[in-house]
Amino acid sequence: MALNMYIGRSDAKIDKGSRVYIPSQFRKVMGQETSFVARVDMTERYLMVYPESAWEEKVNALMARLDEWNAEDEATFMQLNGEATPIQIDEQGRFQIPKKLAERLCFKSEVSFVGMANRFAIWGKELYDDARAKRPKLDEALNASLNKKQ
């Protein structure tokens, strides 16, 4: 039985055309899906990539909680959708990283793909390694997160 979620970390090189190959472990999960949506995360450190179906679920859940007649809610929703970028995966399993996003996120010659169940993140490799080194040990982070919810 194959695991049907994005897990693990894999590094990939960015070619001269700003294209990157999606790691094979992630392509297996993608199957025949070629349409994705990307957005810069809330901390503006990485690119979050959603299959279209996962993006639609997230947007629909948000729409159900927002008041379309409230100016602040409307602005939030507009920003979320306005900054989303459609991505098409080609037959070779690669896509082009929009130049403005690559510059904004300091993507250089290598990126790190990090699985997040129904989506994946793409970090500049150096930035991910640096952020990972500064994070607490996994058991400490999990305990802190679980204690917050109690």
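Which residue forms a salt bridge with E44? R104 does, with the closest N and O atoms 3.1 Å apart. A salt bridge here is a side-chain nitrogen of Lys or Arg within 4 Å of a carboxyl oxygen of Asp or Glu.

Ground rules. This is a predicted model: local features need pLDDT of at least 70, side-chain atom pairs count only at pLDDT 80 or more, and totals for chains, interfaces and linings use all residues. Numbering runs from 1 along each chain as its sequence is written, and side-chain values use heavy atoms, with hydrogens and water left out.

Back to R104. R104 also forms a salt bridge with E83, the closest N and O atoms being 4.0 Å apart. That pair links distant parts of the chain, 21 residues apart: R104 in helix α4, E83 in the loop between α3 and β5 (85-88). Helices (H or I, at least four residues) and strands (E, at least two) are DSSP runs, numbered from the N terminus.

Now exposure. Buried means under 20% relative accessible area, exposed over 50%, partly exposed in between (1.4 Å probe, protein chains only). R104 is partly exposed because its relative accessibility is 36%. E44 is partly exposed at 44%, and E83 is partly exposed at 37%.

Next, another pair. D90 and R94 meet in a salt bridge, 2.6 Å from N to O. R94 is buried, at 18%, whereas D90 is partly exposed, at 23%.

Finally, the wider count. The whole structure has 9 salt bridges. R9, D11, K125 and D129 are linked in a network of them.
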